[in-house]
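User: I want to learn how to read helix packing and strand order. Can you take me through an example?

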Amino acid sequence: MLELFLGILTAMGGFVEVGELTFAVNAGAKFGYGLLWVAGVGALGIIVYGEMAGRVAAVRGQPVFNLIRERVGFDAGLVTLVAAVAVNVLTCAAEIGAIALVWQLFADWPYRAWVAAACVFLVLAVWVLPFQWIERVFGLGGLLLVVFLVIAMIEAPDLGEVGAAFVPHVPSLESTQQYLLYAYYAVALLSSIMLPYEAYFYSSGAVEDRWKPSDVGRNRFIVVVGFVLGSLLCVALIVVGAQFFAPRHIEPQLPGVVATSVAVHFGVAGLLIAIGGMFFAFAGAAIETALSAAYGIAQFFGWPWGRFRPAHEASRFTIAWLAVFVLATAVILTGVDPVSVVEYSIVFSVVILPLSYLPLLLVAGDRRLMGEYANGSVARVLGWLYMVLLTVAALAAIPLLILTHGGQG
Amino acid sequence: MRRHEARWVRRLQVAVGLSIVGALGFAAFVAASGEPQSTLYITLGELRSRAAESLEIAHGTAASRLPANFVRAQAEQLAPRIASLRDALAKAETHEGATDARTARPLSERLLALMQALAERADTPSAAVPIERELRGIVERLVPLARSARPG
Amino acid sequence: MTTASRSKLKSRGIDRSIHLVRDVVDHEIVDAHQLPCGSVDDIELELDPRHGLRPVALLIGPGAWQRRLPSPLAAVVRWLAGNAETRVPWSEIAYIGERVALRRTANELGLGEADRRLGRWIARIPGG
């Protein structure tokens, strides 16, 4: 029972990362409640695919990338792997940059020193902590972001208006340029909620935690409840953007600025809680992206993998996640603006979203591989509907990026 | 069945690959050109936002809601962003009919100076009050300026 | 002896072998201790005049899967990962299910060498 509770809280706390935080707050600041329905669509999407990933792991005792090569073939699987790893490195870089920005708010070291410190911290955390502790510490720490849920409720007492905005609609805007920007934000927000590393990490985690076919029901419960609650955090960020930042003419880029919305109501204590929550969310995401990339590589090539094995027995897997942290840190140390890295990581994630999820959809729906646990009609219909939606989003992403001058307007 | 799927996956990969090539082409194009005139409204919008963020921080300092080292660090993170906006405005000023840029650039200079002053006096809430007042004036001038510069 | 690249199989059209290869290639391999030791990257076939194509060995390693990539890409892979290839005779297979299970350990068959080599270094670092 406690395990179930912790699983839900971990899923909820691990839902938000820096790209989602930035795009959600800005979506609210720019378009009010106009993009809330996209958050709802994204939440349902990650629930559908997260459930599939967990089910595959529970039934087959194998995580998804093991099966991708068998199901989709070597060539297609390799392209998926390379794309997924590249995006994971970029996302990890964004999170590391954001951690450095957050730590800089507390002590006056140069930014680059904080970046290096963040890398060391993350490597040590993964090296020393057992897998369950990693999941728990960063997942539960991310729950501090619930403070934004409180702020959202204070700032937006009219729940009816919020609820109505979940119905898919396009608000009336001033110009074609604004409509293009709206479309760009819709695509980016959807991508930031449905980041594939979440589903793949969840599936490898289920194998690390030794799930069995009897855990399929439990998987469904954790995914639905945990991700719904997690998406509430995303919704809260949009509301805060709309109710706090829009009237003040702010479109925040920096995590510290986002945290000031909490300080207004809860002073220094609130500020510390908000920043603490951001740190755990970003660090958790950095770790998940690195491990997810390492899982993918090791599983695709059939190497021993997993934090349940001693590091020297799964050497190449260990080198893989170390390499991701080092590469990601190198990207940030080039001096590129971390805010830009965040934006590009989300945009490139959209582009490979359908590629990342199609193999999962095929594996989860294959009766030969999954037996009676293959996708039922709900999972199949929703899975394919989302595949179409994600393909449209993936193809529209780059043109929209260009037409909106890099997402600026 | 696998061959049929593999064909669709390959088509998807080609489409995605073309998207990525397009993105890289765009990035190269942006790096090479950068037309200040057509994107002036973006620069003004960002400047308005940075000014409003600075105002919020000054407001928080004056109300003793924000710790001093947070204020200093935040000012330090905002400064280079404001500086690059000022540089973009300076470049736009040289173009024809760029009255908005000419109005905004001195405001961006003043914004930088005010944030520096705020950082220096971060532990004295009373010192933040006049800074907050002046920042409010800057925001009030930038809001209509940014709005009118928008296309459509 | 031939290796089972897809084009060669298409032209042969021998059902039993294709079926076997499709269900074996790209599957994970585990040794006697259930330790993953690679994937079936390629299969070595022998042409027997009476029985047609017969699989004689599993081929594992970058050298094996390089061949399945277009040649410029294969050259890049060769530069990055070398072209080591381990040959496991068909007789070493204990059974073929979801995974291909071998009779002996990875160590005895020369699989997972890279992990063992790196593992000696990694084992020296405390706390792992």
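Analyst: We will look at a helix pair, then a sheet. Keep in mind that this is a predicted model.

User: How are two packed helices described?

Analyst: Two packed helices are described by the angle between their axes and the distance between the axes. Here, take helix α5 (residues 74–104) of chain A and helix α15 (residues 338–365) of chain A. Their axes lie 8 Å apart, at an angle of about 150 degrees.

User: Are α5(A) and α15(A) roughly parallel or roughly antiparallel?

Analyst: Angles over 145 degrees count as roughly antiparallel. Therefore α5(A) and α15(A) are roughly antiparallel to each other. The crossing of α5(A) past α15(A) is left-handed.

User: Which residues of α5(A) and α15(A) meet?

Analyst: From α5(A), the residues include A83(A), V87(A), L90(A) and G97(A). From α15(A), they include V341(A), Y344(A), F348(A) and I352(A). By class, the contact has 16 nonpolar, six polar and no charged residues.

User: Now the sheet. What is the strand order in chain C?

Analyst: An open sheet of four strands in chain C runs β3-β2-β8-β7. Its pairing is mixed.

User: Which strands are at the edges?

Analyst: The edge strands are β3 (36–39) and β7 (93–96) of chain C. Each pairs on one side only. From one strand to the next, the twist averages 25 degrees.

User: In which sense do β2 and β3(C) pair?

Analyst: Strand β2 (residues 28–30) of chain C pairs with β3(C) in the antiparallel sense, over two bridges.

Key:
Residues numbered from 1 in each chain as written. Chains lettered and ligands numbered in written order. Predicted model: local features only at pLDDT ≥ 70, side-chain atom pairs only at ≥ 80, totals over all residues. Axes fitted to C-alpha atoms, helices over the stretch in contact; angles between N-to-C directions. Parallel < 35°, antiparallel > 145°, perpendicular 65-115°, else oblique. Left-handed = near helix turned anticlockwise from the far one by under 90°. Contact = placed C-beta atoms within 7 Å. Nonpolar A, V, L, I, M, F, W, Y, C, P; charged D, E, K, R; others polar. Pairing = 2+ DSSP bridges.
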